[in-house]
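Good morning, and thank you for coming. I would like to take you through one structure, chain by chain, and then look at where the chains meet.

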Amino acid sequence: MRRVYLHTVYERIWHWWQALAIMLLLVTGLEVHAPHTVALLGFRYAVFVHNVLGLALLLNAALGLFYQLSTGRIRSFLPEPRDFISLALRQVRYYLRGIFKDEPHPIAKTPMKRLNPLQRVTYLAILNVLLPLQIVTGVLIWGGQRWPSVVQALGGLGPLATIHTLAAWLFAAFVLMHVYLTTTAGHTWSAGVLGMITGWEEVENHQPKESQ
Amino acid sequence: MSVALLTLLTLVASGPEHEAPPPAPAAEAARSVHPDVVLRGADAQPVLQTGAPISLTKTCGECHEADWIEAHSYHSAFGSNRPYTDEDRPRPWDRFAGPWGRWSPLVYQRLSEPGDPRPDADLATWARLWGRRHVGGGPVRELAPEAEMNCLLCHSAKPNLEARARTIDAGEWRWQSTATLEGSGLVEATEAGWAYVPDAFLPDGAVSAARLGLHAASAQACGTCHGAAPAPGPTPVTLPHLDRARPSPGLTDGLVYSGQPMHLSGVNLAGKTELTRPWDIHAERMLSCSDCHGALNDPVHGSRDKKEQPAHLRAEVRGMALQDYLRRPDHDFATGRAAPGVLGAQHAGTMKRCEDCHDANQTHQWLPYPARHLQAMFCETCHVPRVHSPLIESVDWTVLTPERGPRTRYRGVTGAIDDPGTLISGFEPVLLPRATDGGATKVAPHNLVSAFYWVEGDPPTPVRLVDLEAAFFWEGDYTPGIVLVLDEDHDGRVGPDELRLDTEVKVAAVAAALEAVGVPSPRAVGEIQPYALSHQVAGHGFALKDCATCHSEGSRFTQPTRLAAQPPAGVVPGLVKDSPVPLAGDVVHEGGELRYVPTPAKAQLYLLGQGGNTVVDLAGWASVLLVLAGSILHGGARVMARRRPDDGEDRS
């Protein structure tokens, strides 16, 4: 095993800020959506806190985008066309077979290639589709009183809120999946989580032939 | 000029004292700036000399153009000047847009057209029925030319309504104005008829305005017919409009207009000690009905018909001069859009709305999303949170009570409405979408009154009361056939709880009984009439503030409202054709009751906090559970794999 510095300080702060915001947004969003199921803050304060958290998420997303673009680290999120299919299939095979035989990860991590092909596709969808969709619908719902004509032109609050809710459910499912798959990311169950705290991860010494 | 006239009127009113043996009420004397009046008859001669009935057209007409006023008063016309066309008549048998000719299930009798083969109420019957709530003039002049508009009803201090009603019931319309003065000391009823009391008149034969108590129409005058509007004072408020025999509009729209705190009233209210709010905040703040429902040409309140105002002006200050207004005060009063399409509907949108006086944006910044709330709701939605007086829920004329009336159910009470001991729990309004003056739609509180009745023939007309009585009664009791059908406990009588047609068999039996007395093709029908609830306005302390009232599973936007406890079997009432508001939900039978179940989406509303879209939530739960199950299975398999005997390979 060798220690590799995978996550910069900013990336870690960004990640945990985002994680906290999303978790609290899910909780407060559930209270706004169905107050009879969660009663922590009361409807009024739940709406207020939800809006503030939404703003925090938006700011963090914008700062994150700036960071990734300015440092060029955004490339680590982009799927590479070459061998993408075969590498993705190897990752699938790892999850279905290799992980149970304690095989090494099929793709070695490096600071610029921290994500496997499946992660890249997933994050591409999350960060470029789901997150913007959630932010845009959230802003429109919030701004419905300021720009009612815009909201009406988009079908009114009903369709917007339905999309927002659906996206929130997908975020909830993603968070669960993300947390579980993090336990598969390192050589131990907790290595992935510790890596996102310290920045360092221990990766296998041997070079699988598929790795780049 | 206006000030000069007022000064002149004041000087006249405070002029030299005259001898008037029965003293005029001091309070009224202080209020009135009106000059003394010579009471005249139809021949314009002083009635003190002739003994003739008082003609207010001639008496008041000396200064005010009484004929013009009568012609510009929808209270007088009662809709008789607004005939329906075939396209807009709400029911096939409705003739005019007003109590004159618009049938009401609350009153039931139908004013029949000449030549009607099965006539119901003729003009005389109709006049007796409505007379005590009609100011005179208009259509009843057809009955008696002297049946003039009675100015004293609204402009004198203590009009004797009972004495007037007696003369109307007796068909003596020409004495109705005179009778209104019984109790003033000016007239008295004798065996020979009405006689004037000379000692109560001034030496010159006039009557002091103070004795008549002449004044601008007060809220109490409006309350005489529209609900309860007791005079300000320490006397505990009661609800005199709770008359089952003659349903007042206040029983449909909850009009109780008083500034007295509810907990000091004489009404048996549930949770009374907590109800420290006035019955209506506007009454507490000294507003009168005419402040919002003023004359359209009133130069003070400026309740000008906005349709006649140049579009580029925010305010039209070129009002009528006061002396011109006093000569021709328009008695078509400003109205809102909430009335169920009848009296004054031609002036819909002319009344002062809340926003004409209040700047809600200034006072509602505490509210989350204030603009959105104000955009979606009329002020009354939160400021009429509950009606604390009985309201009619349903009127069922498919059966007759022993008193020959309908079976009527009321909202917000647990006993007889005219029993002072009955506990009044109040009613939480139904929220329905209503158009604004600007053409947008907002929700506003309403009461839904459902009515069931029999119609006959084609085109249909309501079965006459006389035929209903013939079908249900014989020599004072229910007919044996009716008892046989309705007497479920077989005690030989029809009890109050048995008076219902809740099965097809009962409906068919009563239909047969009606056919037996000559009613052609009787069938039971129903209708729903929404009534806007715009009074009993609460101030900020008692208005709705809790978000959960609307943004929760138990939101009042989604709560079902009972329309009828025991509707006739097989009858699903529809909304009255000219209803100013649509239903935004479904009418369903549940547990033997007929209920209205609102759906916010049908009112173009999306309310956070109601659980939202069930399909989306199900899909969301499914995705979360799928991921959770997959993680548990995959993780479990990993744990199991780790527990297998190590093959010795070192992967570190």
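Let me begin with a term: pLDDT is the predictor's confidence in each residue, on a scale from 0 to 100. Chain A has a mean pLDDT of 88, and 97% of its residues reach 70 or more. What we have here is a predicted model, in which local features need pLDDT of at least 70 and side-chain atom pairs count only at pLDDT 80 or more, while totals for chains, interfaces and linings use all residues. Residues are numbered from 1 along each chain as its sequence is written, and chains are lettered from A and ligands numbered from 1 in the order in which they are written.

I turn to chain A. Chain A has 7 helices and 2 strands; here helices (H or I, at least four residues) and strands (E, at least two) are DSSP runs, numbered from the N terminus. Starting at the N terminus, the order of elements is β-α-α-α-α-α-α-α-β. The C-alpha atoms of chain A fill a box of roughly 60 × 35 × 30 Å along the principal axes. Of its 212 residues, 25% count as buried. A residue is buried if 20 or more other C-beta atoms, placed from the backbone, lie within 10 Å of its own, exposed if 12 or fewer, and partly exposed in between.

Next, chain B. This chain has 24 helices and 14 strands, and its C-alpha atoms fill a box of roughly 130 × 65 × 50 Å along the principal axes. Of the 652 residues of chain B, 43% count as buried.

Where do the two chains touch? In total, 31 residues of chain A are in contact with 32 residues of chain B, contact being defined as C-beta atoms, placed from the backbone, within 7 Å. On the side of chain A that touches chain B, α1 (9-33), α2 (43-71) and α6 each supply at least two residues. The largest share, 13 residues, comes from α6(A). By type, that side of chain A divides into 21 nonpolar, 8 polar and 2 charged residues. In this count, Ala, Val, Leu, Ile, Met, Phe, Trp, Tyr, Cys and Pro are nonpolar, Asp, Glu, Lys and Arg are charged, and the others, Gly among them, are polar.

How do α6(A) and α24(B) lie against each other? The axes of helix α6 (residues 157-182) of chain A and helix α24 (residues 614-643) of chain B come within 9 Å and cross at roughly 5°. The two helices are therefore roughly parallel, a label for angles under 35 degrees. Among the residues that meet are A:Trp169 and A:Tyr180 in α6(A), and B:Val624 and B:Gly635 in α24(B). The residues of this contact divide into 13 nonpolar, 6 polar and no charged.

Finally, the interior. A nonpolar core is a set of buried Ala, Val, Leu, Ile, Met, Phe, Trp, Tyr and Cys residues joined through C-beta atoms within 7 Å. The largest such core has 110 residues, and B:Leu514 is one of those with the most contacts inside it. The element that gives the most to this core is α6(A), with 11 residues. Apart from it lies another core, of 32 residues, including B:Cys60 and B:Val207.

Notes: Axes fitted to C-alpha atoms, helices over the stretch in contact; angles between N-to-C directions. Parallel < 35°, antiparallel > 145°, perpendicular 65-115°, else oblique. Contact = placed C-beta atoms within 7 Å.
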